[in-house]
Amino acid sequence: MPDSAARPLPANLRPRTLMVRGGTWRSSHGETSEAIFMNSGYAYESAEAAEAAFVNAGSRFVYSRYASPTVNMFEERLRLVEGAEACRSTSSGMAAVFAALLCQLRAGDRVVSSRALFGSCHYIIAQLLPRYGVHSVFVDGRDLEEWRKALAPGARAVFCETPSNPTLELVDIRAVAELAHAAGARFIVDNVFATPFAQRPLELGADIVVYSTTKHIDGQGRSLGGAVLGSADFIAGELAPFLRHTGPALSPFNAWLLLKGLETFDLRVRQHVENAAALAAFLDAHPKVERVAYPGLPSHPQAGIAERQMKNGGSLIAFSVKGGKEAAFRFLNALRIIDLSNNLGDAKSLITHPATTTHQTLSPAERQMLAIGPALLRLSVGLEDVADLKEDLTRGLDAA
Ligand SMILES: *Cc1c(COP(=O)(O)O)cnc(C)c1O
């Protein structure tokens, strides 16, 4: 970035301040809110200046597929919030997952991953990587013995989501990081469900964190985006050239929305979590609910891991109603506030029936292995008044 018209920020600012102030760069106009630089290209004062810009790569902006001011501001703010050495953004969460893996893999490598994954993450690892000669191995992410066995022959990369989509299973980040490092692998954690508000994988030993910023970081269902965070060496040496030459760049407009999203992130996610904790307890006690999975409840089968690595239970709840698919559909069709939507991390509460939507393409055997039953529902708790949400759930449960 060129010199900013902003005063330099003091060192050691706290996360809430960094979410509002971090990364801000002011143009010569001195604007308060970050400006949106939509331009794709840059002009040089002279032929010598153009030559110098290419000789000293990174000394100034040359093309917005590589870097641009609004996008850089967002990357710097998220980097500060996550406490990472470096951050690069992408056009979607899937572009972030794909780039984080592909930038470092080559034919003959092994990738070990937990089985309970977002559908597209599963597709990349199970379907796409083997086409390019990468061996992928899936394990039950809850079972350290399976991780140990799968990592014994060595690996290049280890991948997991924790909590997982949609069943909210947990992976012990610290333990798997140790096994991954002993196997010579880098450990990538998809931290979308937890958000940086609940879990800090880099502090627990992970090497790389990926986000779909489409979710809580935007938080209002307005933009697609993604981010990869990790060491300066990894980002500059492996990820940045991959992104530069393959081109999944984040739109500057979306970067601006995400900058605004981070400004209210702490307030929003705090309320999401408070609402979710109340609704999880409500569902857990309801006679028509068969089972609730929420990492903030003592009834979560891995409550000990949640306690160790998460600051709170997050804003997603998985639960099953009694009575199978028919009851689940009656429940969904009776709701009047909570939207039926496969998205998550929105101010609006959203609910989905994974077996028939997000995880429909899996075989019945795969669904069974992942505990995605016919009555399972995934609720993304929003920012509405929790009393109204309880009434809506009651409406659904009465009809179930
Ligand atoms: C949504 C999601 C993604 C993909 O993000 P997009 O922005 O939709 O591409 C990846 N991982 C998890 C856990 C998600 O929830």
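**The interface between the two domains**

Domain 1 and domain 2 bury about 3300 Å² between them, with 60% of this on carbon and sulfur atoms; buried area is the accessible area (1.4 Å probe) that two parts lose on being put together, summed over both. On the domain 1 side, the residues that lose the most area to domain 2 are Leu170, Phe197 and His216, which together account for 23% of what that side buries.

The model is predicted: local features need pLDDT of at least 70 and side-chain atom pairs pLDDT 80 or more, while totals for chains, interfaces and linings use all residues. Residues are numbered from 1 along each chain as its sequence is written, and side-chain values use heavy atoms, leaving out hydrogens and water.

Domain 1 covers 15-263 and domain 2 covers 265-399, bounds that come from an automatic or database domain assignment. Their C-alpha centres lie 27 Å apart. In contact (heavy atoms within 4.5 Å) are 40 residues of domain 1 and 36 residues of domain 2.

Two salt bridges cross this interface, a salt bridge being a side-chain nitrogen of Lys or Arg within 4 Å of a carboxyl oxygen of Asp or Glu. Aspartate 172 and arginine 308 also meet through their side chains in a salt bridge, at 3.0 Å from N to O.

By class, the side of domain 1 that touches domain 2 has 18 nonpolar, twelve polar and ten charged residues. Here Ala, Val, Leu, Ile, Met, Phe, Trp, Tyr, Cys and Pro count as nonpolar, Asp, Glu, Lys and Arg as charged, and the others, Gly among them, as polar.
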